[in-house]
Amino acid sequence: MEFRVPLYFLALAVFAMGTSEFMLAGLVPGIAAALGVSLPQAGYLTSAFALGMVAGAPLTAALARSWRRRTALLWFLALFAFTHVAGALTTSFAVLLGTRVLAAVAYAGFLAVALTAATALARPGRALGVLLGGSTVACVAGVPGGALLDAAFGWRSAFWVVALLCLPAFAAVRRIPDTPAGDRPRGLRAELAVVRPLAGLLLAGALVNAATFGVFTSLAPVAAGVAPVPVVLGAFGAGCFAGITAAGRLADRWPGRVVAVGGSLLLAGWVASVPAAHDPVALVTLAFTQGALSFAVGGTVIARILRLAEGAPTMKGAYATAALNVGATAGPVLAGAAANPFWPAAVLVAGALTTYACLRRRT
């Protein structure tokens, strides 16, 4: 059971960094007013972070392939902390936008290396469950936490809090096992050749995550006037944590069953959410169950990718991270273009299940 302590150290760092990703939703109005930009312009900060995550994962993983694992994690975490200090001090929106891109690149690089490090400590499902548990806790705490800090102390205080959270995370990461001295990675082309056949699984993971984050970003306006928004968002976040925890226990043993059964229930739940969204009890209940099913199914698909890509130890985490964030970027755009976010979520999950089923028939 010794693996648990280093895994939880990595999860602590992911929590600190993930909090920055989610807190921005509650800071946009304060930033817009303080820096003299419009609300849509301030919203570019969220887009910049998402794009930085998508592009940053493979680029930083390729850059850091020859680094010692602990060294890479510490440098990415240090860069992440620096961007938040700079963001807290700046009076320029352009500079703040730049720090968000750099923060996302650092987070993407950290998560890509952390996924590889975690799967060296435990089976992929268990490792992913613990690691992304930090992200789901950040999802629960980040949005209301950012809004509360903004209301009490101003938006800059949220950036200072994230920078301070990096300090215990920095100390914790120093205690994780490092790669052996002289350990040399395989050639980049050889690793990419291992990852390339997994494009279908990466697509399935991206589609599930697109449905998840498309609904998550739309839950507040959907819940307004029906049920207390913090309760609905909290139920969804708690469900996400329960789902990724379940995936950690089930994904390594019965991945096909989790995706088939859980995916079918997830699809049915998104369809049922359309009429149920007007009932407060049903909305809160579905927020929890759909959050749980989303992360259980999505986490199982990503765990499957990590297991099949053992021959790409430095790049498998990068492409898994990129797939998750392609979904997190595209989902809100698709949900925002629809009158109801639950129908796009249902279509996306149906696409993911179809893709996964086709891949299972070929293998």
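Predicted model: local features only at pLDDT ≥ 70, side-chain atom pairs only at ≥ 80, totals over all residues.

Visitor: How many cavities of 30 Å³ or more does the structure hold?

Guide: A cavity is a space from which a probe cannot get out. This structure holds three cavities of 30 Å³ or more. The largest cavity has a volume of about 270 Å³.

Visitor: Which residues lie nearest the centre of the largest cavity?

Guide: They are Ser135, Asn209, Phe213, Phe295 and Leu324, out of 22 lining residues. Two or more lining residues come from each of α1 (4-23), α5 (93-121), α6 (124-153), α9 (199-223), α12 (280-308) and α13 (316-336). By residue type, the lining of the largest cavity has 13 nonpolar, eight polar and one charged.

Visitor: What is the volume of the largest pocket, and which residues lie nearest its centre?

Guide: A pocket, unlike a cavity, is an open set of points. The largest pocket here has a volume of about 650 Å³. Of its 23 lining residues, Glu21, Ala25, Thr46, Thr217 and Pro332 lie nearest the centre. The elements α1, α3 (39-63), α9, α10 (229-250) and α13 each give at least two residues to this lining. Its residues divide into 16 nonpolar, five polar and two charged.

Visitor: How many aromatic pairs does the structure hold?

Guide: The structure holds seven aromatic pairs. One of them joins Phe49 and Tyr107, with 6.4 Å from centre to centre and 45° between the planes, and is tilted.

Visitor: Why does the pair of Phe49 and Tyr107 tie together parts that are apart in sequence?

Guide: Phe49 belongs to helix α3 and Tyr107 to helix α5, so the pair ties together parts that are 58 residues apart in sequence.

Visitor: Are Phe49 and Tyr107 buried or exposed?

Guide: Buried stands for under 20% relative accessible area. Both Phe49 and Tyr107 are buried. Together with Phe80, Phe49 and Tyr107 form one aromatic cluster.

How values were computed:
Residues numbered from 1 in each chain as written. Heavy atoms only, no water. 1 Å grid on protein atoms, 1.4 Å probe; cavity = no way out; pocket = protein on both sides within 12 Å on 5 of 7 lines; lining within 4 Å. Points joined across faces, edges and corners; volume = space filled by probe spheres on them. Helix = DSSP H or I, 4+ residues; strand = E, 2+ residues; numbered from the N terminus. Nonpolar A, V, L, I, M, F, W, Y, C, P; charged D, E, K, R; others polar. Phe/Tyr/Trp six-rings, centres within 6.5 Å; stacked < 30°, edge-to-face > 60°. Buried < 20%, exposed > 50% of the residue type's maximum accessible area, 1.4 Å probe, protein only.
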